[in-house]
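Here is a short briefing on a protein structure. Look at the structure first, then work through the points below.

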Protein chains: 2
Amino acid sequence: MQRTKIILPEDRIPKQWYNIIPDLNGPMAPVVHPGTLQPVTPDDLLPLFPMGLIEQEVSTQRWIDIPDEVRQILAQWRPSPMFRAHRLEKALGTPAKIYYKYEGVSPAGSHKPNTAVPQAYYNMLAGTKRIASETGAGQWGSSIALACQMFGLECTVYMVKVSFQQKPYRKSMMQLWGADVIPSPSNQTNAGRAVLERDQDSNGSLGIAISEAVEDAATHEDTRYCLGSVLNHVCLHQTVIGLEAKQQMDMIGDYPDVVIACHGGGSNFAGLGFPFVADKAAGKDLRILAAEPISCPTLTKGVYDFDYGDQAKMAPISKMYTLGHDFMPPGIHAGGLRYHGAAPLVSQLLDEGVIEAKAVGQVECFEAAVQFARAEGIIPAPESSHAIRAAFDEALQAKEEGKEKTILFNLSGHGHVDMASYDAFFSGKLENYEYPSEAIEESLEKLPKVDM
Amino acid sequence: MQRTKIILPEDRIPKQWYNIIPDLNGPMAPVVHPGTLQPVTPDDLLPLFPMGLIEQEVSTQRWIDIPDEVRQILAQWRPSPMFRAHRLEKALGTPAKIYYKYEGVSPAGSHKPNTAVPQAYYNMLAGTKRIASETGAGQWGSSIALACQMFGLECTVYMVKVSFQQKPYRKSMMQLWGADVIPSPSNQTNAGRAVLERDQDSNGSLGIAISEAVEDAATHEDTRYCLGSVLNHVCLHQTVIGLEAKQQMDMIGDYPDVVIACHGGGSNFAGLGFPFVADKAAGKDLRILAAEPISCPTLTKGVYDFDYGDQAKMAPISKMYTLGHDFMPPGIHAGGLRYHGAAPLVSQLLDEGVIEAKAVGQVECFEAAVQFARAEGIIPAPESSHAIRAAFDEALQAKEEGKEKTILFNLSGHGHVDMASYDAFFSGKLENYEYPSEAIEESLEKLPKVDM
């Protein structure tokens with residue numbers, strides 16, 4: 001039998017997260033208070049986050065212990081499997097070897113519980129009673145709902161309206177796990193009401209939903225805020241993916257020439273990529289590639305500058321690749337990739353030239369996802385299809401050049417709850433929407449003037 | 001850390017299926033031709049099945065080799081994990097230990113690919129070009145679509161109309177994997193047209209859909225028929241579940257007092273249960289329990305007699321527990337359990353008193369499924385919730401009696417594609433429909449007169 005699945009025993013779940021900060025080429029830019037435009041202090045963040053997470057956000061320790069209680073829950077689906085895509089390689093006729101790490105085995109069906117669980121845990125430790133958060137496609141929302149359920153916390157999720165409508169099953173999952181789900185923009189917050197006044201039919205965006213959740217947390221004593229991507233501690237928690245993948249590659253005596261993940265806010269990319277960035281820093285020769293949608297081209301058409309994390313300018317300002325906090329991406333089917341900014345850590349690595357980024361169209365992504373599903377069986381989430389598209393392009397280039405190549409990508413989630421998107425694809429209703437450069441320029445004019 | 005997940009290495013995927021026929025207390029009743037009312041010969045079955053499967057259907061060998069090509073594909077999700085439900089035990093406050101084997105890790109999200117893959121394989125070997133089959137909830141239909149895709153066969157699935165409407169995502173999955181999906185009763189077959197003439201608004205049933213698929217296969221030269229449950233070879237293929245479960249129990253030095261699976265046609269029950277029946281035959285003291293819906297109480301309110309496998313009397317006649325081939329179960333949300341009959345193998349074991357059966361209401365099943373999902377994370381398929389309900393009842397009885405007990409049940413699939421059923425449950429729209437005894441009696445009057 002050909003080896004298909006590369007499985008680690010339970011005791012090989014990482015005992016520590018990998019923090020990339022000490023391995024960056026230079027210091028990180030400060031995070032700036034949206035009101036004072038001065039660097040934030042840990043105390044500024046306390047209304048939003050528990051100290052356990054704030055410490056991780058700013059830590060310069062390379063390795064951070066994973067609490068046993070967290071590892072115990074992660075053990076339900078970790079170590080996640082890695083697959084060699086024999087059937088796909090044959091279907092593509094490529095000399096390349098294709099591996100994928102599969103995060104769809106978590107109860108929520110994506111990589112998001114990897115960080116939802118520790119976030120809920122540290123909040124539970126700090127006495128938080130209720131979590132307010134936001135969600136795009138619903139992968140994060142369902143994951144934080146699940147994690148809150150496991151640690152006895154209440155949970156309110158502001159769900160981007162276009163996803164609320166397109167993905168009713170994700171909403172139902174959150175409700176099943178006990179969360180309140182509110183379509184955003186809503187009339188529950190000042191931020192939501194302000195958007196609705198301008199545009200009653202707003203599709204919503206992650207930026208707006210973040211504003212609502214942050215406002216909710218800031219205005220309720222017992223409530224704190226959780227974010228499913230972008231922040232340093234979120235990237236940190238996701239490194240279990242790459243740490244396992246390296247063990248799995250080691251187990252079969254192989255190593256990737258290129259590592260690929262889709263990119264929305266950056267957590268899934270960071271999760272697989274950062275442990276390989278460490279290898280690259282140590283002298284390994286490999287490429288690390290982020291695949292983002294052409295309709296929300298943060299890394300490929302944005303600028304590297306200070307910007308607000310949310311639409312209503314309530315969230316902290318970070319130095320990151322951004323399309324402008326007012327950027328309103330179209331309602332593409334990979335709702336989890338509709339964010340105007342990028343993780344500051346990912347942004348710095350891109351600026352330093354350590355990693356690469358490319359933008360891919362959703363039609364080509366769904367084409368690749370269908371071919372993948374027919375060869376490998378697993379139905380990919382629309383977000384993950386961006387990584388698949390980029391992996392296909394690498395494999396097809398290897399075929400054209402007649403070169404061997406080892407490709408590893410992250411299949412960040414399954415698409416069982418996203419079948420309506422596949423229906424839209426099959427019925428020819430999907431389009432590639434390329435955002436006009438002028439609109440991006442206009443949006444970028446609204447960046448805050450930070451002098452650092 | 002508490003051990004949560006019991007994982008076998010890839011080389012422990014069973015190399016042989018377990019055939020229970022030589023371990024039955026007596027010989028099996030013959031299968032009878034629906035036209036002649038005489039025992040069928042293998043030749044009678046050749047228009048419907050390839051010889052490789054017919055041989056398995058009648059084999060009296062205890063162990064049957066699993067072809068390497070089949071094992072290679074099964075290896076993508078097998079061995080499937082077994083979990084110790086620590087959090088659930090705590091939530092129920094029971095002294096019982098609860099284990100569950102989890103089949104939702106297959107690409108189709110249920111146990112059905114375990115048999116779809118070998119069925120497609122033997123058809124491919126026999127030169128079949130196209131498969132016609134039926135599906136209730138869509139778990140079987142999506143699995144046979146996937147398996148056909150992997151072996152290059154075309155696939156047509158007749159889907160029970162109520163599920164076609166309730167479960168659009170399952171339909172989309174089949175289409176994604178390349179199948180034609182037709183709501184049943186349809187006007188594509190004589191069987192379907194006959195039903196529509198009597199009742200234009202028929203919800204459909206598995207019995208009708210089987211008639212349509214059998215007719216399709218019998219009337220097209222290049223087409224053969226596949227069934228997702230009931231038949232001996234289907235039960236055979238599913239024994240990988242129980243064979244792995246026994247190894248997993250062995251690995252942790254435990255053994256179940258009671259083994260539970262939900263029951264529709266019997267394949268999932270056979271899959272987990274039969275390898276434990278072998279232990280019982282060899283002297284082990286344990287109970288093996290089938291949990292069926294009160295709205296389709298084949299095992300608990302049916303009779304053990306000869307009956308047609310389908311509504312239109314085209315499929316072979318078997319001796320089995322049956323509610324009558326004309327029985328039309330209500331449109332309950334566990335569409336996969338809406339079949340009038342039971343696997344002849346399961347039926348004979350029940351008649352012999354080797355196994356037990358109980359009927360449970362869907363409202364109580366969903367209550368248990370919600371509590372399970374909140375404790376364990378995994379969202380169960382509505383079918384699987386019947387096993388969960390029965391496991392809860394055992395665990396709560398152990399609590400009442402203050403007794404230790406080891407419970408093992410099969411979580412046959414996840415419910416990500418069934419969230420609309422959970423919505424219906426939460427909005428109070430689900431009812432327990434108990435079929436009136438008179439209606440069952442009336443239906444049972446139509447059994448064929450077989451003299452054997």
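Two strands count as paired if DSSP finds at least two bridges between them. With that in mind, start with a sheet in chain B. This is a predicted model.

**The sheet in chain B**
- Seven strands form an open sheet with mixed pairing.
- Their order is S1-S4-S5-S15-S10-S11-S14 (chain B).
- Strand S1 (5-6) and strand S14 (356-360) of chain B stand at the edges. Each has a single partner strand, so one side of each is left without a neighbour in the sheet.
- Strands of a sheet pair through backbone hydrogen bonds, either parallel or antiparallel.
- Strand S5 (residues 97-102) and strand S15 (residues 406-411) of chain B run parallel, joined by six bridges.
- Ile98(B) has Ile407(B) as its bridge partner in S15(B).

**The nonpolar core**
- The largest nonpolar core contains 168 residues.
- Which residues have the most contacts inside this core? They are Phe274(A) and Phe274(B).
- Not counting residues up to four places away in sequence, Phe274(A) touches Tyr18(A), Ile20(A), Cys235(A), Thr239(A), Phe269(A), Leu345(A), Val346(A) and Leu349(A).

- Ser186(A) sits in the loop between strand S8 (180-184) and helix H9 (190-198) of chain A.
- Is Ser186(A) buried or exposed? Its relative accessible area is 5%. Buried means under 20%, so Ser186(A) is buried.
- The side chains of Ser186(A) and Glu212(A) make a polar contact of 2.6 Å.
- A polar atom of the Ser186(A) side chain also lies 3.0 Å from the backbone nitrogen of Gln188(A).
- Leaving aside neighbours within four places in sequence, Ser186(A) is in contact with Tyr158(A), Gly192(A), Arg193(A), Leu196(A) and Glu212(A).

- Ala191(A), Gly192(A), Val195(A) and Leu196(A) are buried in H9(A). Seen down the helix axis, the buried residues of H9(A) fall within an arc of 130°, so they line one face of the helix.
- These buried residues pack against helix H7 (161-166) and helix H10 (206-218) of chain A.
- The face of H9(A) turned away from the buried side carries the exposed residues Asn190(A), Glu197(A) and Arg198(A).

**Asp279(A) in helix H12**
- Asp279(A) belongs to helix H12 (residues 267-281) of chain A.
- Asp279(A) counts as buried, at 15% relative accessibility.
- Leaving aside neighbours within four places in sequence, Asp279(A) is in contact with Lys246(A), Tyr255(A) and Lys284(A).

Note on methods. Residues are numbered from 1 along each chain as its sequence is written. Chains are lettered from A and ligands numbered from 1 in the order in which they are written. This is a predicted model: local features need pLDDT of at least 70, side-chain atom pairs count only at pLDDT 80 or more; totals for chains, interfaces and linings use all residues. Side-chain values use heavy atoms; hydrogens and water are left out. Helices (H or I, at least four residues) and strands (E, at least two) are DSSP runs, numbered from the N terminus. A nonpolar core is a set of buried Ala, Val, Leu, Ile, Met, Phe, Trp, Tyr and Cys residues joined through side-chain atoms within 4.5 Å. Buried means under 20% relative accessible area, exposed over 50%, partly exposed in between (1.4 Å probe, protein chains only). Contact means heavy atoms within 4.5 Å. A polar contact is a pair of N or O atoms within 3.5 Å; within protein, one must be able to donate a hydrogen and the other to accept it, and residues adjacent in sequence count only if both atoms are side-chain atoms. The arc is that of the directions from the helix axis to the C-beta atoms.
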